[in-house]
Amino acid sequence: MAAVRALVGSRFAAASAFASLSPGGRTPSQRAAIHLSAPQPAAKVALVLSGCGVYDGTEIHEASAILVHLSRGGAEVQIFAPDVPQMHVIDHTKGQPSESESRNVLTESARIARGTITDLAKLNAANHDAAIFPGGFGAAKNLSTFAVDGKDCKVNKEVERVLKEFHQAGKPIGCDASMSLPAPAPWWSRNPVLRCPGLSCIWCWQGESHTCVDEHL
């Protein structure tokens, strides 16, 4: 997450420095500098959710913490989720599947986003500076089939597309806590901006630990 923090922090610092110059206290050189330069725009960050609830979707505490930190850094956040059915629904009071229920990942993720959410199919890396995937078992159940297929799992096609787009553009990709997606393609081993927060990340398990940095928000 360091790359994301650096991106947001640099833009926040620039905007703060600009705002701190009161009209009455500016020197001629400061006024000239203001006319010659403008504050940097806020970093645009895509937050990708996998449902709502640690055992069958996004870990709510992690998503909330990320949103708080991005807000403090002055980032402009847009929230996305794939429009697909959940693998299953977990009764969080029992930790057991609720066989009679079925839910949609986009609909459930909208709970965290307070309704302001976009289908992941519409996410374009060209419109954002970074992408972050909070943790939660939804990453292994709804963004991929890892919970069932392990190392032979498949990744949701839109998730794979987004990851490849951000990687090819050299833009930061942040993954937090139990976020786990497989790395079936060799391009992961060449990703200079990938951040892996621990052994729960499949990239580490598949021998790609040299690409990962263990760090938390």
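Which helix holds both Arg 161 and Glu 165, and how many residues apart are they? Select helix H7, residues 157-168: both are there, four residues apart, or about one turn of the helix. Arg 161 is partly exposed at 24% relative accessibility, and Glu 165 is partly exposed at 25%. (Buried is under 20% relative accessible area, exposed is over 50%, and partly exposed is in between, using a 1.4 Å probe and protein chains only.)

Before moving on, a word on what you're looking at. This is a predicted model, where local features need pLDDT of at least 70 and side-chain atom pairs count only at pLDDT 80 or more, while totals for chains, interfaces and linings use all residues. Residues are numbered from 1 along each chain as its sequence is written, and side-chain values use heavy atoms, leaving out hydrogens and water.

Now zoom out. The chain has eight helices and eight strands; these are DSSP runs numbered from the N terminus, with helices (H or I) of at least four residues and strands (E) of at least two. Of the chain's 217 residues, 47% are buried.

Back to the charges: the structure holds six salt bridges. Select Glu 108 and Arg 111, whose closest N and O atoms are 3.2 Å apart in their salt bridge. They sit three residues apart in helix H4, so about one helical turn separates them. Glu 108 is buried, with a relative accessible area of 5%, whereas Arg 111 is exposed at 55%. Salt bridges that share partners join Glu 101, Arg 103, Glu 108 and Arg 111 into one network.

Next stop, the inside. Select Val 45, Leu 47, Leu 49, Leu 70, Ile 79, Ile 117 and Ile 132: of the 18 residues in the largest nonpolar core, these touch the most other members. (A nonpolar core is a set of buried Ala, Val, Leu, Ile, Met, Phe, Trp, Tyr and Cys residues joined through side-chain atoms within 4.5 Å.) Strand E1 (44-48), helix H3 (60-72), strand E2 (76-81), helix H4 (105-112) and strand E6 (130-133) each supply at least two of its residues, and H4 gives the most, with four. Apart from this core lies another, of 17 residues, including Phe 80 and Leu 143.

Where to find Thr 58? Look in the loop between E1 and H3. Thr 58 counts as buried, at 1% relative accessibility. Leaving aside residues up to four places away in sequence, the residues that Thr 58 touches include Leu 49, Cys 52, Ile 112 and Pro 134; a contact here means heavy atoms within 4.5 Å.

(Rings of Phe, Tyr and Trp, the last by its six-membered ring, pair if their centres lie within 6.5 Å; planes under 30 degrees apart are stacked, over 60 edge-to-face, and the rest tilted.) The pair links distant parts of the chain, 82 residues apart, with Phe 137 in the loop between E6 and helix H5 (138-141).

Methods
A salt bridge is a side-chain nitrogen of Lys or Arg within 4 Å of a carboxyl oxygen of Asp or Glu.
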